[in-house]
Amino acid sequence: MDVLDASRWQFAITTVYHFLFVPLTIGLSFLVAGMQSAWVRTNDERWLKLTKLFGKLFLINFAMGVVTGIVQEFQFGMNWSAYSTYVGDVFGAPLAIEGLAAFFLESTFLGLWIFGWDKLPRRVHLACIWIAAFGTALSAYFILVANSFMQWPTGHTLNNDRVELVDFAALLGNKVALITLPHTLAAVFLTSGAFMLAVAMWHLMRHHRGDDTQSPTDTDPTAEKAWRSAAKIGAVTVLVASVAVVVTGDIQGKIMTETQPMKMAAAEALYETEQPAAFSILTIGSLDGTEEVWSITVPGLLSFLGTGSFDGEVLGINDVNASYQDKYGPGDYRPNIPLTYWSFRAMIGLGIAATGVALLALWTLRRGRTPSNRWLRRLMVVSPLLPLAATAFGWIFTETGRQPWIVFTLLKTEDGVSPSVSFAEIMTSLIGFTTLYAVLAVVEIGLLLRYAKAGLPTEPATY
C-alpha cells in the first residue's frame, strides 16, 4: 500500500460512513414534517406523539451526520491537495452555496423547531420543520452538483493546468446531477420508510403480544393505533420510493451509458461489445474476472438498461478501453471490474429485499390484523440495514466505476493525491478516523436503539 492507496481507503471509509446518516436524515425530516402536518390538521394525539418520537430519532441522526461530514472537507485539503488545486474554482462554488445557504437554512429552522415547541404558533412551528426538510434536500442537490462534475464535467474551461468555472448554469444543470438527485431522494425515502416501518412494527407486535409490560406505553390506549399508522406509512413510503428508484435508476443508466460507457460495461463485466446484450443476475467467472464460467442471464436486459431498446448495442470493456487509449493516451482505463459488478448487484438486490419486507409487512397488517410471528419481529430489527447497505453499495459503484479518473477525462486519481503528505501521516489519520468512527457508530446505534425502544412519549401530549 502506498500514499495513493492509503488516501483512497481513507476517502472510502469516511465517505461511506458519512453517507449512512444522510438518507435517514433527509427522509425522516420529511416524514416527521408530514406527521406533524397531520396533527396540526386533525389534532389527533397519536400524530403528535409519533412526531416527537421520530423527531428525536431524526435529530440524533442529524447531529452525527454533521460531525462526520466535516471530515470530508478536511480530507480534500489534506490528502487531495493536487485535486483541490485543479478543481477548486469549480468544486468550491456548489460546496460554498451548500454550506452558506442550504445548511444554514436547515440548521437555522431546525433550531427554531427544536426550541419552538410551546413557544411558536402551531403553523409557524410546522413551517420550521418543512423548511428544514427542504433545506436537507437542497443541501443534497448542491453536493450532487459537485460530485456530478467529477462524473461528467460541465461549465468549465482549462486554464494553466487547472479548471475554471465559466458557465454556472451549465454546472447546476449538469444532466448527471439532474437525474442523480431524484434517484438519491427516492433512495433516502426508501431508507427512512424502512426505518419507520421497523420501529413501528416491532412495537406493534410487542404491544399486541403484551410484551410491552416494561414500557409505560403499554398502558396507552392510543399506542396500538399510532404504531399501526406509522407502520403503514413506513411500508407505503418504501413501496412508492421503490418504484421511483426503479424509474429514475433506469433513466440514470441510459445517461451513464451515454456519458461513461466504461462504467456500464464494468457493471456487467461485459468485455466484448454485444448487440443485444444480456444482463446477468449472477455470474461465476475465472479468478481474474475476464472469463465467464457460469451465469444466470436475462436476454436483452442490459441493452434496454443502457439504450432503451432490447436490441441496442452496448460497448464492451475492451472496445471502450481501446477508444480511451486513442483519445487520452496509453494506459489502462478499466476500473476494478469485480468490485463494480458486485456492488451494482448488491445495490439492486438489497433494494429489492427491502421492498419485499415492506410488502410482507403490509400483507400481515391487512384488515386490522397484527402479526405475532417471532421471526418477523427479528426481521424488522435488521430490515433498515437493507436499504442503508444498498445506498452505500450504490455510492461504491458510482465512485469506483469512474476510475482511474477522479474527474472524468480531465484528471486521474493518481494525479490528485497530495505530493507533500507522507504515508505515515495518512495512516495515522486513517487509523484515527476509523477508530473515532467506530466509537461514534456505537454511540449512534446505542442512542437510536435506546430512544426507539422507549417508544412513544409518556408525558401528556400537549403543545
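In strand S2, the residue Val163 is the bridge partner of Leu158. The two strands involved are S1, covering residues 156-159, and S2, covering residues 162-165, and they pair in the antiparallel sense over four bridges, where pairing requires that DSSP finds at least two bridges between two strands. Helices (H or I, at least four residues) and strands (E, at least two) are DSSP runs that are numbered from the N terminus.

This is a predicted model, in which local features need pLDDT of at least 70 and side-chain atom pairs count only at pLDDT 80 or more, while totals for chains, interfaces and linings use all residues. Residues are numbered from 1 along each chain as its sequence is written, and side-chain values use heavy atoms, with hydrogens and water left out.

## The chain as a whole

The secondary structure of the chain comes to 16 helices and six strands. The chain has a radius of gyration of 24 Å, which agrees with the value near 23 Å that a compact globule of 463 residues would have; this radius is taken over C-alpha atoms, and the globule rule is 2.2 Å times the number of residues to the power 0.38. Along the principal axes, the C-alpha atoms fill a box of roughly 70 × 50 × 40 Å.

Of the 463 residues, 50% count as buried, a word that here means under 20% relative accessible area, with exposed meaning over 50% and partly exposed in between (1.4 Å probe, protein chains only). The chain exposes about 20700 Å², of which carbon and sulfur atoms supply 66%; accessible areas come from the Shrake-Rupley method with a 1.4 Å probe, and for residues only the protein chains shown count as cover.

Contact means heavy atoms within 4.5 Å, and among contacts between residues at least 6 apart in sequence, 79% join residues at least 24 apart. The side chains include 31 positive and 36 negative ones, and the centres of the two sets lie 18 Å apart. In that count Lys and Arg are positive and Asp and Glu are negative, while His and the chain ends are not counted; the place of a charge is taken as NZ of Lys, CZ of Arg, CG of Asp or CD of Glu.

## Backbone details

Most residues other than glycine have a negative phi, and most peptide bonds are trans. The hairpin of S1 and S2 has two residues between the strands, and within this hairpin Asn160 takes a positive phi near 50 degrees. Asp161, found in the loop between S1 and S2, also has a positive phi, near 60 degrees, and Asp161 counts as exposed at 68% relative accessibility.

A positive phi near 55 degrees is found for Ala269, a residue of the loop between H9 and S3. Ala269 is partly exposed, with a relative accessible area of 24%. The loop between helix H9 (261-268) and strand S3 (279-285) also holds Pro276, and the peptide bond from Gln275 to Pro276 is cis, with omega near -5 degrees. A cis peptide bond joins Gln403 and Pro404 as well, with omega about 15 degrees, and Pro404 lies in the loop between helix H14 (385-400) and strand S5 (405-407).

## Residues in helices and a loop

Ala132 is found in helix H5 and is buried, with a relative accessible area of 3%. Leaving aside residues up to four places away in sequence, Ala132 touches Glu106, Phe109 and Leu110. His183, in helix H7 (residues 175-209), counts as buried at 15% relative accessibility, and with the neighbours up to four places away again not counted, His183 touches Val245, Thr248, Gly249 and Gln252.

Glu45 belongs to helix H3 (residues 45-78) and is partly exposed, with a relative accessible area of 34%. Leu120, in the loop between helix H4 (81-115) and helix H5 (122-151), is partly exposed too, with a relative accessible area of 25%.

| Pair | Apart in sequence | Apart in space, C-alpha to C-alpha |
|---|---|---|
| Ala132 and Phe104 | 28 residues | 9.4 Å |
| Glu45 and Lys263 | 218 residues | 50 Å |
| Leu120 and Asp415 | 295 residues | 53 Å |
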